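Please look through the model shown here, with attention to how its parts are held against one another.

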Amino acid sequence: MKQLFPLLTSLLLSVGVFAQSGGYKVGDKVADFTLQGTDNQSVTLSEMADAKTVVLVFTNNQCPYAKLYESRLVTLASNYGSKGVQFVFINPGAGDAGETLQEMASRNYSPYLADEGQKVSRQFGATKTPEVFVLHNTDGEFTLKYKGAIDDNPQMESGVKNFYLRSVIDEILANRPVSAGDKRATGCLIKKY
């Protein structure tokens with residue numbers, strides 16, 4: 001019995017690591033996807049072919065970390081919208097155990113899409129809310145350039161020293177290499193169902 005406990009512990013840790021790995025890696029081409037918006041309209045990635053850059057934000061307003069980032073994300077979306085950057089907010093917990101479309105519609109995010117069944121969050125390998133994925137558009141093909149944290153201080157915006165997402169967007173718009181690399185997102189674990 002004493003030997004069974006360490007075996008079970010290591011098995012659970014292995015499963016946890018495996019569940020968090022996967023999804024797209026930086027440099028991968030991203031496949032098109034379709035999700036339902038809060039207005040019951042379908043939205044596809046391919047519809048955003050006019051955007052220079054698309055920022056996917058996996059978020060859920062039941063997560064305290066997501067609430068802390070809401071105003072920062074809305075401000076970033078507003079500031080970069082005129083520069084050809086499209087922010088897309090995706091709720092991986094919508095439906096079964098999460099927010100309803102009506103609750104999602106009350107947020108300041110636009111578009112805010114429901115990932116019912118978590119197909120897209122699994123496709124990208126999203127593990128936390130909020131977590132961002134920055135896609136660069138080259139002739140209608142999207143390539144993942146960054147995934148991870150928004151910045152280095154979820155609790156206090158005034159305490160941020162490294163603005164990862166903002167820096168990545170600026171580098172992509174200036175046609176410079178992305179220097180940030182993957183930064184582990186801080187947030188609520190996405191409950192898989």
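Predicted model: local features only at pLDDT ≥ 70, side-chain atom pairs only at ≥ 80, totals over all residues.

Residues are numbered from 1 along each chain as its sequence is written, and side-chain values use heavy atoms, with hydrogens and water left out.

A pair of aromatic rings is described by the distance of the centres and the angle of the planes. Rings of Phe, Tyr and Trp (its six-membered ring) are taken to pair if their centres lie within 6.5 Å, and planes under 30 degrees apart count as stacked, over 60 as edge-to-face and the rest as tilted. The structure holds eight aromatic pairs. In one of them, the ring centres of Y24 and F124 are 4.9 Å apart with the planes at 70°, so this pair is edge-to-face. Y24 lies in the loop between α1 (4–20) and β1 (29–30), whereas F124 belongs to helix α4 (residues 119–124), so the pair ties together parts that are 100 residues apart in sequence; helices (H or I, at least four residues) and strands (E, at least two) are DSSP runs, numbered from the N terminus. Both Y24 and F124 are buried, where buried means under 20% relative accessible area, exposed over 50%, and partly exposed in between (1.4 Å probe, protein chains only). The rings of F87 and F89, by contrast, have centres 6.2 Å apart and planes at 25°, so they are stacked, and F87 and F89 are buried. Ring pairs also link Y24, F33, F58, F124 and F133 into a cluster.

A disulfide is a covalent bond between the sulfur atoms of two cysteines. Counted as a pair of cysteine sulfur atoms within 2.5 Å, there is one disulfide, formed by C63 and C188 with their sulfur atoms 2.2 Å apart. The link of C63 and C188 is right-handed, with 85° about the S-S bond. It connects distant parts of the chain, since C63 sits in the loop between β4 (53–58) and α2 (64–81) and C188 in strand β10 (residues 188–189), 125 residues apart. C63 is buried at 4% relative accessibility, whereas C188, with a relative accessible area of 22%, is partly exposed.

Strand β9 (residues 141–148) is mostly covered, with six of its eight residues buried. Two strands are said to pair if DSSP finds at least two bridges between them. Strand β9 pairs with β1 in the antiparallel sense over two bridges, and K29 has T143 in β9 as its bridge partner. Seven bridges join β9 to strand β8 (residues 131–138), also antiparallel, and here L135 has L144 in β9 as its bridge partner. β8 and β9 form a hairpin with two residues between them, and D139 in the turn has a positive phi of about 55°.

Two further residues complete the tour. N91 is placed in strand β5 (residues 85–91) and is buried, at 0% relative accessibility. R107 lies in the loop between α3 (101–105) and β6 (112–114) and is partly exposed, at 27% relative accessibility. R107 and E70 are 37 residues apart in sequence and 8.9 Å apart in space, C-alpha to C-alpha.
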